[in-house]
Amino acid sequence: VAATSTLPPLSATREQGALAPSIFWGALLAGRLLSIPIALCVPLKAMVVGELSLALLSCAALASVGQASFAGACASLAGLGLGCAALYPAGIMLARQRAPVSGAAVSRFIACGLVGTMLAPSAVGALLDGRPCLLAYAELGFVVVQTACYSAVAALPLYSAASASPSSTSSTHEVELKSVEAPSRVPPPAPESPEDWRAAPG
């Protein structure tokens with residue numbers, strides 16, 4: 001961002017170019033802090049929809065208004081940072097509602113996320129090496145792919161642990177039936193006096 005903003009058509013100064021990524025990362029940090037109280041009041045699915053909508057609108061603004069105005073580019077980057085702030089943890093929570101997610105699966109999510117953070121900038125850098133003006137369209141393409149992935153996960157039915165383990169439920173019912181069918185053997189009460197002892201059967 002810092003390098004592409006100093007090139008035409010923006011032709012910003014170096015100080016302005018250094019300010020642009022700072023605005024994005026600052027908005028990303030602010031969005032993650034704000035997502036904590038928002039998550040307590042807003043359903044997860046609505047929160048993901050709002051974030052993806054903000055990210056898509058910001059990318060569209062970056063590709064249009066951000067190409068002609070440095071202020072528009074900064075505003076678009078701020079919106080993009082806010083829109084992408086809590087998508088990663090929200091995606092894991094969304095997946096946990098649709099499928100059983102173990103600790104090993106969460107480790108795979110984190111590993112794949114780290115691999116993506118290495119490969120995606122390299123691919124974008126190779127794309128922008130010859131045509132730096134395509135930065136906004138590259139960001140828009142990534143957000144569109146994210147929206148498609150999140151939509152595919154959200155379309156899955158909700159996961160229910162009770163319905164996913166019928167064998168455990170049936171075994172529980174069998175144990176309950178066996179406990180009901182088993183005859184109860186209650187020993188006779190112990191006599192309290194010699195007369196009761198002699199009167200007690202066998």
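A crossing of two helices is called right-handed if the near helix is turned clockwise from the far one by less than a right angle, and the legends below, which describe a predicted model, begin with the chain as a whole before turning to a crossing of this kind.

**View 1. The protein chain is built from 9 helices and 0 strands.** Read from the N terminus on, the elements follow one another as α-α-α-α-α-α-α-α-α. The protein chain has 202 residues, of which 25% count as buried.

**View 2. Helices H5 and H6 pack against each other in a right-handed crossing.** Two packed helices are described by the angle between their axes and by the distance between those axes. Helix H5, residues 103-128, and helix H6, residues 135-154, meet at an angle of about 145 degrees, and their axes are 10 Å apart. On the side of H5 the contact is formed by Ala 120, Val 124, Leu 127 and Leu 128, while H6 contributes Leu 135, Ala 138 and Phe 142. Sorted by class, this contact of H5 with H6 holds 7 nonpolar residues, with no polar and no charged ones.

**View 3. Helix H6 is shown with its buried residues and the helices that cover them.** The 20 residues of H6, at 1.5 Å a residue, should span 28 Å, and the 29 Å between its end C-alpha atoms agrees with that expectation. Buried in H6 are Leu 135, Ala 136, Ala 138, Val 143, Thr 147, Tyr 150 and Ala 154. What covers these residues includes helix H2 (44-64), helix H3 (70-83), helix H4 (87-98) and H5.

**View 4. Ala 154 is a residue of helix H6 that touches residues elsewhere in the chain, among them Leu 94.** Because buried means under 20% relative accessible area, Ala 154 counts as buried at 17%. Leaving aside residues up to four places away in sequence, Ala 154 touches Lys 45, Leu 94 and Arg 98. Although Ala 154 and Gln 97 are 57 residues apart along the chain, their C-alpha atoms are separated by 9.0 Å.

**View 5. Helix H4 is shown with its buried residues and the helices that cover them.** At 1.5 Å a residue, the 12 residues of H4 should span 16 Å, which agrees with the 16 Å between its end C-alpha atoms. The buried residues in H4 are Leu 87, Ala 90, Gly 91, Ile 92, Leu 94, Ala 95 and Arg 98. The cover over these residues includes H2, H3, H5 and H6.

**View 6. Ser 35 belongs to helix H1, which comprises residues 14-41.** Ser 35 has a relative accessible area of 12% and is buried. When residues up to four places away in sequence are not counted, Ser 35 touches Met 47 and Ala 86.

**View 7. Phe 24 and Trp 25 form an edge-to-face pair of rings.** The count of aromatic pairs comes to 1. In this pair of Phe 24 and Trp 25, the ring centres lie 5.1 Å apart and the planes stand at 75 degrees, so the pair is edge-to-face. Trp 25 is itself exposed, with a relative accessible area of 54%.

How values were computed: Residues numbered from 1 in each chain as written. Predicted model: local features only at pLDDT ≥ 70, side-chain atom pairs only at ≥ 80, totals over all residues. Heavy atoms only, no water. Phe/Tyr/Trp six-rings, centres within 6.5 Å; stacked < 30°, edge-to-face > 60°. Buried < 20%, exposed > 50% of the residue type's maximum accessible area, 1.4 Å probe, protein only. Axes fitted to C-alpha atoms, helices over the stretch in contact; angles between N-to-C directions. Helix = DSSP H or I, 4+ residues; strand = E, 2+ residues; numbered from the N terminus. Contact = heavy atoms within 4.5 Å. Nonpolar A, V, L, I, M, F, W, Y, C, P; charged D, E, K, R; others polar. Expected span 1.5 Å × (residues − 1).
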